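Here's a quick tour of the model, beginning with the ligand site. Have the viewer open as you read.

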Amino acid sequence: MSAAGLSAAELDGVQKTWKVLNDKKQQSGMDILVTLYDKNAGYQDKFPKWKGVPLGSLPGNADFQNFAVVWMDEVNSLVGNLNNEGALVALIASNVSKHKPRGLTPQHYKNAFNLLPAYLDKQCGGAYDGNAKSGWTKTIATIAGAIEKQF
Ligand code: HEM
C-alpha cells in the first residue's frame, strides 16, 4: 500500500494513465483549463493575462499556452509524490500560498481536480480501467485533503 492508500495495481493505473496526458502536456493542460473555465463562471477572470479572451481563442494565446505547461508540471509533481508525504505537503503548502491570497478556496481546487477522471477516460480509453479509476479517486481525495489542511 502507498501512503495515499493505493494498491500497487491502482498506483500503476494512475501512473500509466497520467503519462498519457503528460506526454501531451500542453494540449492536455489547455483542454483541462478551458473546460474548467467553461464550467465555472468567473474562474477565467482570475487570470489577468487572459481574462476576457474568448474560450475558443485561448489555445492560440501564448501566455495561456505557457501556463498550461506550468499547470501540468505542478500536477505531475503532485502525482509523482503521492508516496512521499513530506514532499507532497511541501508542494501543496507552496501552491496554496500562491492561491489563497487570490481568494481561492479548496472548492476551487476540487472543481479542477474533479475534471480529471472524465478527461483521463476520454484520452486513455481502455487503460482507464477499474484500478486506474479507483486509484484516481484515492489520489484526488488525498491531494484535496492535503490542500484543505493548508486553509
Ligand atoms: C489542480 C489545481 C491547480 C493547480 C495544480 C494550480 C497550479 C498553479 C500554478 C503552478 C500556478 C503558478 C504559480 C506561480 O506563480 O508560481 C498557478 C497560478 C494561478 N492559479 Fe492555479 N492551480 C490550480 C487550480 C486553480 C484554480 C481552480 C484556479 C481558479 C480559478 C486557479 C487560479 C490561479 C491564478 C489566478 C494563478 C495566477 C496566474 C497569474 O496571474 O500568473 N488555480 N496555479
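## Around the ligand

By class, the shell around the ligand holds 10 nonpolar, 4 polar and 5 charged residues. Here Ala, Val, Leu, Ile, Met, Phe, Trp, Tyr, Cys and Pro count as nonpolar, Asp, Glu, Lys and Arg as charged, and the others, Gly among them, as polar. Of the 19 residues around the ligand, Tyr43, Lys46, Glu74, His108 and Ala112 come nearest; being near takes a C-beta atom, placed from the backbone, within 6 Å of the molecule.

## Ground rules

This is a predicted model: local features need pLDDT of at least 70, side-chain atom pairs count only at pLDDT 80 or more, and totals for chains, interfaces and linings use all residues. Residues are numbered from 1 along each chain as its sequence is written.

## The fold

The protein chain has 7 helices and 0 strands, where helices (H or I, at least four residues) and strands (E, at least two) are DSSP runs, numbered from the N terminus. Its C-alpha trace spans about 45 × 35 × 20 Å along the principal axes.

## H2 against H3

The axes of H2 (residues 25-39) and H3 (residues 62-80) come within 8 Å and cross at roughly 100 degrees; axes are lines fitted to C-alpha atoms, for helices over the stretch in contact, with angles from 0 to 180 degrees between N-to-C directions. H2 and H3 are therefore roughly perpendicular, the label for 65 to 115 degrees.

Conventions:
Angles under 35 degrees count as roughly parallel, over 145 as roughly antiparallel, 65 to 115 as roughly perpendicular and the rest as oblique.
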